[in-house]
Amino acid sequence: MTLSLYNTLTRRREPFETLEEGRVRMYVCGPTVYADAHIGHAMSAIVFDMIRRYLEYQGYEVTYVTNFTDVDDKIIIRAQETGQDPFELAQYFTDKYLRHLSDLNIKPADSYPRVTSEISNIIRAIEELGETDYAYAVDGSVYFRVGRNDDYGKLSRRRQEDALSGTRVEGEEGKENYADFALWKGAKMGEPSWESPWGAGRPGWHIECSVMCLHHLGESIDIHGGGNDLIFPHHENEIAQSESLTGKPFARYWIHNGMLQLSGEKMSKSIGNLVTIDSFLHQYSADALRMLIFSGHYRKPVSYSDESIGAAVRSTARLRGGLRPATGTVAVGEEVNGLREVSESARSGFRIAMDDDFNTSSALSHLFELVRAINTARAAGVSGPFFQAAQDTLRELAGVLGLSLTETADSDGDVLAAKPFIDLLVSVRTELRQKKEWAMADKVREGLAAHSVQLEDTANGTTWRIEEAA
RNA sequence: GGCGACGUAGCCAAGUGGUAAGGCAGGGGUCUGCAAAACCCUGAUCGCCGGUUCGAAUCCGGCCGUCGCCUCCA
């Protein structure tokens, strides 16, 4: 039973072998912080959080680094538009993104490097590239000489001739070749800049990640991840820079997630077809987003719609339902043994699915089978340590996917405040039911339902829970 | 135009050679004062055409369609 994963670099599924026994170094490209993040960014963060959690579950010690691009054209433009300081703007959206990561139940990274805190390392790297002729300066800017790398294009499967044959991009006159890209951009008036051997300027987009990787994880890493829209040019250029700098393979496995789509198109800031993380979490739970993403494969596109998120909400509730307490007293017998068997097969089935390039959809099917077994056992009156163990297995495996399976009521302050009033209404209704005043009792139930409070009458009394809108 | 991915029941989706997991929705039942939850039963020959094979959703070729990247992008 070994993990195999799809490597974009080889376009094949490969057995996972780490550079260092028992340890995984992984780097995931983070966002450019110039606006509110949307659930497409969340998807990427969630996918790599799942991968990280599964690796840890398999016993690896994972060092996880993800960055913030906090100096960039778009940040500068946005700051100029709003009259803000670009650094403050970037800081604001960085802080906000970190809060989102926490709200989405994403485990904290071991470090979150930023471009602005790596400037001296970046300058040193560019100097080194210049010394070995991989870089050349023109009018205060420095470009990477793509033609000097024979294997340029190996990640995106682009031939250099194709990349070299376009027309020149405006504003980058003086480049030797169209495909050459900026390592250092000379500053224009009013732009944030740092002193360098080439004059005032700032880093180009790609060099930051190479340098941060090198600095925080080393010359060669195990996993480099990001959205598949970063394959070209960003990751291709990272490889070119890093390998030219160190002479060693940059990353062993390249993992790319598919795009979240809204109305048939990739969700993106530039198209404007987006749902921000803020507005999503205002309406739905973090678990629901994970369920939507994990119902398919991480490399495939995911369609976001009212219908797809609604189905995800309801299937999340189903998983959660498996954690409802036992009601009976049967601790041994046929039902108990049956539950144990399903628990074990769910656990092994889950691992087999996850080992197969993180097949979360198949892994989830084993969780649903476990839920059904738990529900059946509960209905048969099963209780005691084996019932607990089955629920622990469900919690454990769901936890590997980063699903918390907690009720809204556990964390929502509004619900906690309403709890005494809801309990009071429920107890009044219980008296009404004892007197068989069904019409009034139903009125209370319907009234609460209108506020998302779902009542359930069981043999042991009435329970209630907050129903997530679907 | 170049490179790549995908097309499985009403919807989402797993499954890479031996006659199709799972979830949502729907229908029928059990339980319930009625609901809710739960449980049971219920649906597809896998975009189209052709080929390889004893046998293909799974391999090959062609066609149609959708999506992504081709220097803003998770």
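Biologist: How many helices and strands does chain A have?
Modeller: Chain A has 16 helices and 15 strands. Keep in mind that the model is predicted.

Biologist: And what box do the C-alpha atoms fill?
Modeller: Roughly 90 × 55 × 35 Å, taken along the principal axes.

Biologist: What share of the residues counts as buried?
Modeller: 40% of the 470 residues of chain A.

Biologist: Which domains does the assignment give?
Modeller: Domain 1 covers 4–266, domain 2 covers 284–400 and domain 3 covers 408–466. The centres of domain 1 and domain 3 are 52 Å apart, taken over C-alpha atoms.

Biologist: Which one gives the most?
Modeller: Helix 12, with ten residues.

Biologist: What about residue classes near the RNA?
Modeller: The surface near RNA strand B has 27 polar, 21 nonpolar and 16 charged residues.

Biologist: Let's take helix 1. How far does it reach?
Modeller: Helix 1 spans residues 39–57, 19 residues in total. From first C-alpha to last it reaches 26 Å, close to the 27 Å expected at 1.5 Å a residue.

Biologist: Why call helix 1 largely enclosed?
Modeller: Because 16 of its 19 residues are buried. Just after helix 1, glycine 59 has a positive phi of about 95°.

Biologist: How many bridges between strand 3 and strand 9?
Modeller: Three, joining strand 3 (residues 23–28) and strand 9 (residues 221–227) in the parallel sense. Tyrosine 27 stands opposite histidine 224 in strand 9.

Biologist: And strand 6, parallel or antiparallel to strand 5?
Modeller: Antiparallel, with four bridges between strand 5 (residues 135–138) and strand 6. Tyrosine 136 has tyrosine 143 as its bridge partner in strand 6. Alanine 137 stands opposite valine 142, also in strand 6.

Biologist: What sits in the hairpin between them?
Modeller: Two residues lie between strand 5 and strand 6. Aspartate 139 in that hairpin takes a positive phi near 50°.

Biologist: Which way do the residues of strand 6 point?
Modeller: Ser141 and Tyr143 point one way, and Val142 and Phe144 point the other way. All are buried.

Biologist: How many bridges join strand 6 to strand 7?
Modeller: Three, and strand 6 and strand 7 (residues 181–186) run antiparallel. Phenylalanine 144 stands opposite phenylalanine 181 in strand 7.

Biologist: Changing topic: which residues are joined by a cis peptide bond?
Modeller: Phenylalanine 232 and proline 233, with omega about 0°. Proline 233 is in helix 7.

Biologist: Why flag that, or a positive phi?
Modeller: Most peptide bonds are trans, and most residues other than glycine have a negative phi.

Biologist: Then what about arginine 157, where is it found?
Modeller: Arginine 157 is in the loop between strand 6 and helix 5 (160–164). Its phi is positive, near 60°.

Biologist: Is arginine 157 buried or exposed?
Modeller: Arginine 157 is exposed, with 12 other C-beta atoms within 10 Å. The exposed class takes 12 or fewer.

Biologist: And leucine 405, buried or exposed?
Modeller: Leucine 405 counts as buried, because 20 C-beta neighbours lie inside 10 Å. Leucine 405 lies in the loop between helix 13 (385–400) and helix 14 (408–411). Its phi is also positive, near 55°.

Biologist: Last one. Where is tyrosine 92?
Modeller: In helix 3 (residues 86–103). Tyrosine 92 is partly exposed, with 14 other C-beta atoms within 10 Å. The C-alpha atoms of tyrosine 92 and aspartate 36 are separated by 9.9 Å, although the two residues are 56 residues apart along the chain.

Note on methods
Residues are numbered from 1 along each chain as its sequence is written. Chains are lettered from A and ligands numbered from 1 in the order in which they are written. This is a predicted model: local features need pLDDT of at least 70, side-chain atom pairs count only at pLDDT 80 or more; totals for chains, interfaces and linings use all residues. Two strands pair if DSSP finds at least two bridges between them. The expected span of a helix is 1.5 Å times one less than its number of residues. Ala, Val, Leu, Ile, Met, Phe, Trp, Tyr, Cys and Pro count as nonpolar, Asp, Glu, Lys and Arg as charged, and the others, Gly among them, as polar. Domain bounds come from an automatic or database domain assignment.
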